[in-house]
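Dear colleague,

I am passing on the structure below, and would be glad if you could look at it alongside the notes that follow.

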Amino acid sequence: MTDRYGSDVLSTDWRKPRNGRAVEAAAEIGAVVEEVTTDWCGEIVAVDRDLHTLTLEDRRGKRRTFPLGPGFLLEGKPVILTAPVRSSAPKKPTRTASGSVAVHDAKARVARASRIFVEGRHDAELVERVWGDDLRIEGVVVEYLGGVDDLADHLVSFKPGPERKVGVLVDHLVRGSKESRIADAIARGPHGQHVRIVGHPFVDVWQAVKPDRLGLPGWPTIPRSIEWKKGVCQHLGWPHRDQADIARAWQHILSKVQSYDDLEPALLGRVEELIDFVTVD
C-alpha cells in the first residue's frame, strides 16, 4: 500500500546541512579552500603548527591568515582543517646546532659549579636550542633570572669564585641603559673578577632571530608606549590577547631556528664568549 503522506522526515538526519557535515581534512600546501565567514578564497601557502594558523593567497596575490579548524569549504564541502602529519624524523646530524661536531649518545658531564644566567625563559630556550648539546657535554647549566634588576642579589646568594664563575647574558646592553649601569656596578664590585656580563643590542631576544627566517624584511619598529612583544604580534597579524598567545608566537619564532646560522652575529659571539669564560679553567 502506498504511503500517501510520504516517509517520516524525523527518521532521517533532517538537521544535516545542505552541503553535508564537516569532516577533518589536512591543510595541504597548494589546496584551494574558502573561509566561509569572510568568503575569502585562496590557495594554502603556509601552515603554522605553533600558532595553529594557515595562510591563504587569493588570485590577486593577497594573503590572509586564519586559525586552523572549522569554517572552511574544500571543493564545496565543509571541512575542519588540521595541520598535515609530520614526515618521518631525519637522520642524526653530523653537527650540532652551534656548528660543533656532534657526539651522539655521549653522556652529559656532571654539572659544573659555574653557571650561565640569562634574563628570561625565551633567552634560555634559545640558548638551549642552539648550544644545548655543547652545554651538556661541558656540564654547564643555564638559569634564567626573570630580569636583570635583581642580578646583584642573585650573585650574593651564588657566591662566585675561581671555581664558581658566572656568565650573564643581558638584553639591550647598550651604553647609557639601565642594564649597562647594573653591569658596570657589578664589574666594580667584589664579584667582578669572577663574573662576565655581556649583552646584545636587541630590545628582546626575539630580534636575535634573523627576520628573513620568518619571511620578514625586518623586525617591526614598535612605539615605546606599547609592550614590545604584543606590538610585534599585532603588527604581524598574530594572536596577542594574552600570555598564552605570546608564548605560542615565541614557539613559532623558535621553530625557525635550526642552527647558529639563523641567529644574528651580535648574539652568537656573546654566547660563545660566556661558554668559554665558564668552561676554561
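In this predicted model, helix α1 (residues 121–138) and helix α6 (residues 265–279) have axes that come within 12 Å and cross at roughly 25 degrees, and the two helices are therefore roughly parallel to each other, a term used for angles under 35 degrees. Helices here are DSSP runs of H or I with at least four residues, and strands are runs of E with at least two, numbered from the N terminus; the axes are lines fitted to C-alpha atoms over the stretch in contact, with angles from 0 to 180 degrees between N-to-C directions.

In α1, the residues L126, W131, L135 and E138 meet L267, L268, V271, E272, I275 and T279 of α6, contact meaning heavy atoms within 4.5 Å. By class, this contact has seven nonpolar, one polar and two charged residues.

The largest cavity has a volume of about 40 Å³, and its lining, with an atom within 4 Å of a point, consists of I116, V118, V127, L169, V271 and L274. Both β8 (115–118) and α6 supply at least two residues each of that lining.

Residues are numbered from 1 along each chain as its sequence is written, and side-chain values use heavy atoms, with hydrogens and water left out. Local features need pLDDT of at least 70 and side-chain atom pairs count only at pLDDT 80 or more, while totals for chains, interfaces and linings use all residues.

Best wishes

Methods. Parallel < 35°, antiparallel > 145°, perpendicular 65-115°, else oblique. Nonpolar A, V, L, I, M, F, W, Y, C, P; charged D, E, K, R; others polar. 1 Å grid on protein atoms, 1.4 Å probe; cavity = no way out; pocket = protein on both sides within 12 Å on 5 of 7 lines; lining within 4 Å. Points joined across faces, edges and corners; volume = space filled by probe spheres on them.
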